[in-house]
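User: Could you walk me through reading the features of a protein model, one at a time? I would like the general idea and then the case at hand.

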Amino acid sequence: RYIDQAPQFVQLHQPRPGASHPELVAGLMQTPAGISPKFFYDALGSRLFDAITELPEYYPTRTEAAVFAQHGAGMARHVPEGAVLLDLGAGSCAKAARLFPVLRPSAYVPVDISVDYLRDTLAALQQRHPDLPMLGLGMDFSTLFALGADANAWLAGRALSQQPRVVFYPGSSIGNFLPDQALALLCQAHAVCEAGGAGGGLLIGVDRVKPRDVLERAYDDELGVTAAFNRNLLRHVNRLLNADFAPAAWQHVALFNADESRIEMHLQAMGTQTVRWPGGERTFADGERLHTENSYKWQPQDFAMLLREAGFGAPKHWTDANGWFSVFWAPV
Ligand code: AVJ
């Protein structure tokens, strides 16, 4: 067969150079300063993240894959076939693609903020699955309710509105959110599932509390890929704001904050650093830190409670032999 089929694609929102970025500037002006981790994912940042997942120290991706490999059959007894599969933070779309044979989705709707990267990976995936309707959504899914009009019209046009909806949120990306924000996002995911046919739910990967040295090594690898990923944020900010961060003058810091149960990543100024952009500037003292990411590590019983609070039914739970990473199925 000769097929030249492009997936449908809706670009709802993307951080653009030249636009004003009040949220970004406000974070830079605060003390301590902070930048949202969503700004990691320009085209290079998405690729650096993919490289991180190959590192020996970065256990989450391969541990989660092992949980899916070992318990896939058990999961398939709960997760409905023929669902509309919504993939949050799809990135390379590889994890969802591995579920296609098991879940036989009726449509695939990946959502990612890194629009250009998603467009490329999705086009390749559509070639391999020419009969599976695919709709890419380029958006920041912390505003998931915006799934609304575009996606709903697209589903209605294919008579898929009444299929069950499975929200797939792997990789412990939920860890980027403060517990309150995580709850808000799960509530939105619940609303999205509830709007579809019966049997839907949320399939989500969550990283767990474990010994500090394992955690800190995973976020400060020997090759320095995570350090490059962290500093690349400054290159992205330079482009977005027309700012003049010198990435080489910032040291990568990753530490486990046990009180908050989260890995924190920071960039620490080596020497006094003044950063300028049209309309503003900020001076950082030697050793001052810019907070770039939280990655929460959950206890499974606490996460199960969060799912119930968000409105889901009693969750199913699978883990690996070490109890390092959990996958939950939370039915609507
Ligand atoms: C994509 C948010 C799950 O927190 O482990 C990896 C991002 N940051 N190494 C994580 C990340 C540094 C990752 N998430």
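User: Which elements do the buried residues of α10 pack against?

Analyst: Keep in mind that this is a predicted model. The buried residues of α10 pack against α7 (179-194), β7, β13 and β14. Those buried residues of α10, which spans 300-309, are Phe 303, Ala 304 and Leu 307. Viewed down the axis of α10, they fall within an arc of 105°, so they line one face of the helix.

User: And which residues are exposed on the other side of α10?

Analyst: There you will find Gln 301, Met 305 and Glu 309 exposed. After α10 comes Gly 311, with a positive phi near 105°.

User: Let's turn to β14. How many of its seven residues are buried?

Analyst: Six of the seven residues of β14 (residues 325-331) are buried, so the strand is largely enclosed by the rest of the structure.

User: In what sense does β14 pair with β7, and over how many bridges?

Analyst: The pairing of β7 (residues 197-207) with β14 is antiparallel, over seven bridges. To place it by eye, look for Leu 202, which stands opposite Ala 330 in β14. β14 also pairs with β13 (residues 316-319), again in the antiparallel sense, over four bridges. Here Trp 318 has Val 327 in β14 as its bridge partner.

User: What do β13 and β14 form, and how many residues lie between them?

Analyst: They form a hairpin with five residues between the two strands. Gly 323 in the turn has a positive phi of about 65°.

User: How should I read backbone angles in general?

Analyst: Most residues other than glycine have a negative phi, and most peptide bonds are trans.

User: Where does Ala 159 lie?

Analyst: Ala 159 is in the loop between α6 (148-157) and β6 (164-169). Its phi is positive, about 55°, although Ala 159 is not a glycine. Ala 159 counts as exposed because it has 9 C-beta neighbours inside 10 Å.

User: What is phi of Ser 261 near?

Analyst: Phi of Ser 261 is near 55°, a positive value in a residue other than glycine. You will find Ser 261 in the loop between β8 (250-257) and β9 (262-269). Ser 261 has 17 C-beta neighbours inside 10 Å, so it counts as partly exposed.

User: Is the peptide bond from Thr 31 to Pro 32 cis or trans?

Analyst: The bond from Thr 31 to Pro 32 is cis, with omega near -5°. Pro 32 sits in the loop between α1 (22-29) and β2 (33-34).

User: What is the order of the four strands in the open sheet?

Analyst: The order is β2-β12-β9-β8, with mixed pairing. β2 and β8 are the edge strands, each pairing on one side only. Within this sheet, β8 and β9 run antiparallel and are joined by eight bridges.

User: Which residues of α2 are buried?

Analyst: In α2 (residues 43-52), Gly 45, Ser 46, Phe 49 and Ile 52 are buried. Seen down the axis of α2, these buried residues fall within an arc of 110°, so they line one face of the helix. They pack against α5 (115-128) and α9 (225-241).

User: Which residues are around the ligand?

Analyst: Ile 52 is one of them, and the others include Pro 60, Tyr 219, Thr 226, Glu 293 and Ser 295. Gly 171, Ser 172, Ser 173, Gly 175 and Asn 176 are also around the ligand. By class, this shell has three nonpolar, seven polar and one charged residues.

User: Finally, how many helices and strands does the protein chain have?

Analyst: The protein chain has 10 helices and 14 strands. Its radius of gyration is 20 Å, close to the 20 Å that the globule rule gives for 332 residues, so the chain is as compact as a globular protein of that length. Along the principal axes, the C-alpha atoms fill a box of roughly 60 × 45 × 35 Å. Buried residues make up 43% of the 332 residues. Of the contacts between residues at least 6 apart in sequence, 71% join residues at least 24 apart.

Notes
Residues are numbered from 1 along each chain as its sequence is written. This is a predicted model: local features need pLDDT of at least 70, side-chain atom pairs count only at pLDDT 80 or more; totals for chains, interfaces and linings use all residues. A residue is buried if 20 or more other C-beta atoms lie within 10 Å of its own, exposed if 12 or fewer, and partly exposed in between; C-beta atoms are placed from the backbone. The arc is that of the directions from the helix axis to the C-beta atoms. Two residues are in contact if their C-beta atoms, placed from the backbone, lie within 7 Å. A residue is near a molecule or strand if its C-beta atom, placed from the backbone, lies within 6 Å of it. Ala, Val, Leu, Ile, Met, Phe, Trp, Tyr, Cys and Pro count as nonpolar, Asp, Glu, Lys and Arg as charged, and the others, Gly among them, as polar. The radius of gyration is taken over C-alpha atoms; the globule rule is 2.2 Å times the number of residues to the power 0.38. Two strands pair if DSSP finds at least two bridges between them.
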